[in-house]
Amino acid sequence: MRGGLIVSCQAYPGEPMRDPRTMTQVALSVVAGGAVAVRVEGPDDVRAVSAQVPVPVVGLWKDGTDGVFITPTLRHALAVAEAGAHVVALDGTRRPRPDGRTLAETIAGLREATEALVMADCGSVADALAAQEAGADLLSTTLSGYSGERPMRDGPDLELVAAIAGEVSVPVVAEGRIRTPEQAAVALERGAFAVCVGTAITHPASITRWFRETLPSGPE
């Protein structure tokens with residue numbers, strides 16, 4: 001995956017595209033365009049996508065909407081791995097996890113039962129250092145602006161990408177609000193191992209809204 005583009009293929013609950021078959025078609029489409037890996041949410045989608053795409057699948061399971069909800073427990077992590085994910089993405093912040101386990105205990109439990117690698121979604125340099133110590137194989141900047149340690153930005157937190165890359169020895173994936181090829185290229189220049197883009201490629205509702213919001217409101 002070094003220097004490549006990972007594409008997140010996800011749809012939110014209640015959306016028309018929320019279907020494993022649809023997400024598989026989206027995943028196959030981005031792979032045809034050159035994606036080196038795909039990031040997929042939920043055991044059903046992971047199972048469907050991993051059965052058909054020829055690239056690594058980064059799987060996660062969102063459960064809830066607040067606090068730690070990206071693959072929040074060992075149970076969730078095991079289910080994602082068992083569904084076929086080559087890499088399990090999970091919350092890599094220092095916040096308490098719902099099952100009371102530490103991140104290190106969660107990673108250890110996953111390693112005992114599966115061969116999946118672990119991507120820790122971080123929100124700060126301190127998160128990244130702690131996640132590396134806990135045994136994560138990859139670190140991502142997914143939770144910048146969401147964990148309360150750094151401000152929310154309109155675009156990617158390239159400053160955090162560079163800061164983490166300068167402090168750790170494991171690969172760093174730049175992820176979060178990357179909307180243009182130029183931003184992706186800068187992320188690699190700042191030290192990212194790979195770049196993950198989701199909404200700007202695979203979420204039509206958001207892309208449509210971006211265009212609509214730049215147009216005149218029209219007659220009243």
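**Entry 1: a helix pair.** I started with helix α1, residues 20-32, and helix α2, residues 43-50, in this predicted model. Two packed helices are described by the angle between their axes and the distance between the axes, so I looked up both. For α1 and α2 I found an angle of about 45° and axes 9 Å apart. Angles under 35 degrees count as roughly parallel and 65 to 115 as roughly perpendicular, and therefore I filed α1 and α2 as oblique to each other. The crossing of α1 past α2 is right-handed.

Next I asked which residues meet where α1 and α2 pack. On the α1 side I listed Pro20, Met23, Thr24 and Ala27. Their partners in α2 are Asp44, Asp45, Ala48 and Val49.

**Entry 2: Glu41.** I then moved to Glu41, which sits in strand β2, residues 37-41. Is Glu41 buried or exposed? Its relative accessibility came out at 7%, and the cut-off for buried is under 20%, so I wrote down Glu41 as buried.

With a glutamate in that setting, I wanted to know what its side chain touches. One partner is the side chain of Arg18, in a polar contact at 3.1 Å. Another is on the backbone: the nitrogen of Lys62 is 2.8 Å from a polar atom of the Glu41 side chain.

**Entry 3: the cysteines.** How many disulfides does the structure hold? I found zero. For Cys122, the nearest cysteine sulfur belongs to Cys196 and is 14 Å away. A disulfide needs the two sulfur atoms within 2.5 Å, so Cys122 is in no disulfide. Cys196 is in no disulfide either, and its nearest cysteine sulfur is that of Cys9, at 8.9 Å.

Cys122 is buried, with a relative accessible area of 0%. Cys196 counts as buried as well, at 3% relative accessibility.

Note on methods. Residues numbered from 1 in each chain as written. Predicted model: local features only at pLDDT ≥ 70, side-chain atom pairs only at ≥ 80, totals over all residues. Heavy atoms only, no water. Helix = DSSP H or I, 4+ residues; strand = E, 2+ residues; numbered from the N terminus. Buried < 20%, exposed > 50% of the residue type's maximum accessible area, 1.4 Å probe, protein only. Polar contact = N/O pair within 3.5 Å; in protein donor to acceptor, adjacent residues only side chain to side chain. Axes fitted to C-alpha atoms, helices over the stretch in contact; angles between N-to-C directions. Parallel < 35°, antiparallel > 145°, perpendicular 65-115°, else oblique. Left-handed = near helix turned anticlockwise from the far one by under 90°. Contact = heavy atoms within 4.5 Å.
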